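This report goes through one protein model.

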Amino acid sequence: MKKSLSIFSALMLALPIAALAQGTLKIGTVDMQKAFKDYNKTKEAEVKINDAKNAAKKEYDDRAEAYKKALDEINNLNKQLESPALSADKKTGMAKDRDDKIANIKSMEREISDFRQTRERQLQEQLMRVREGIVKEITDVVREKVKAKSLDFVFDKSGISINGVPLVLYAPENIDFTSEIIDTLNRPGRPTASSRKTTTGSSVTPAAARPVKP
């Protein structure tokens, strides 16, 4: 039984190899990582993400500075309360003021912690949405090129296997069309899937091999 399975597996592997040797398969390669990096929209998105990060950091720093000032006020009141020159009434009033500030600063601690966690989650979600959108745009362009070139398979040159080995160990340069993808993506006035959907009511979804995401 095992021998039969081995023979069957060998035959299945031999089929695409034989077809390739006969020139019946058309194969192309794309460096998805390079396409992602060199796409103008990626650079614009990075600027927006960095602006959002800087705005969140500024807001966090402002909250942290307010917290530090409130903590300094509490420490100052504690020092004053240690003075033996204070009257009982004065000490009682200052102690109440200090306790109110302690309650307030605890609330500030929770707010700062919630703010940090919320902003980090929002930024991560924003980054993922932008990344997925850009990858989809690149993939759509790849599929259009695949259809135009009548390719049977497309491999991502930047893809890495689970063993940490490049998925494409070797491929001739003349089958790589990464530069065409980048030129198409960065072409001024190029209609995207979203714009086509807005104008026609449906997006174009050409069939093609699916490259690995960067």
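Predicted model: local features only at pLDDT ≥ 70, side-chain atom pairs only at ≥ 80, totals over all residues.

## Confidence

pLDDT is the predictor's confidence in each residue, from 0 to 100. The protein has a mean pLDDT of 81, and 78% of its residues reach 70 or more. Residues 1-15 stay under 50.

Residues are numbered from 1 along each chain as its sequence is written, and side-chain values use heavy atoms, leaving out hydrogens and water.

## Helix 5

Helices (H or I, at least four residues) and strands (E, at least two) are DSSP runs, numbered from the N terminus. Buried means under 20% relative accessible area, exposed over 50%, and partly exposed in between (1.4 Å probe, protein chains only).

Thr178, Ile181, Ile182, Thr184 and Leu185 are buried in helix 5. Seen down the axis, these buried residues fall within an arc of 165°, so they line one face of the helix. The arc is taken from the directions from the helix axis to the C-beta atoms. Their cover includes strand 1 (27-30), helix 2 (32-38) and helix 4.

## Ser150

Ser150 sits in the loop between helix 4 (88-149) and strand 2. Its phi is near 55°, a positive value in a residue other than glycine. Most residues other than glycine have a negative phi. Ser150 is partly exposed, at 46% relative accessible area.

Definitions and conventions:
Contact = heavy atoms within 4.5 Å.
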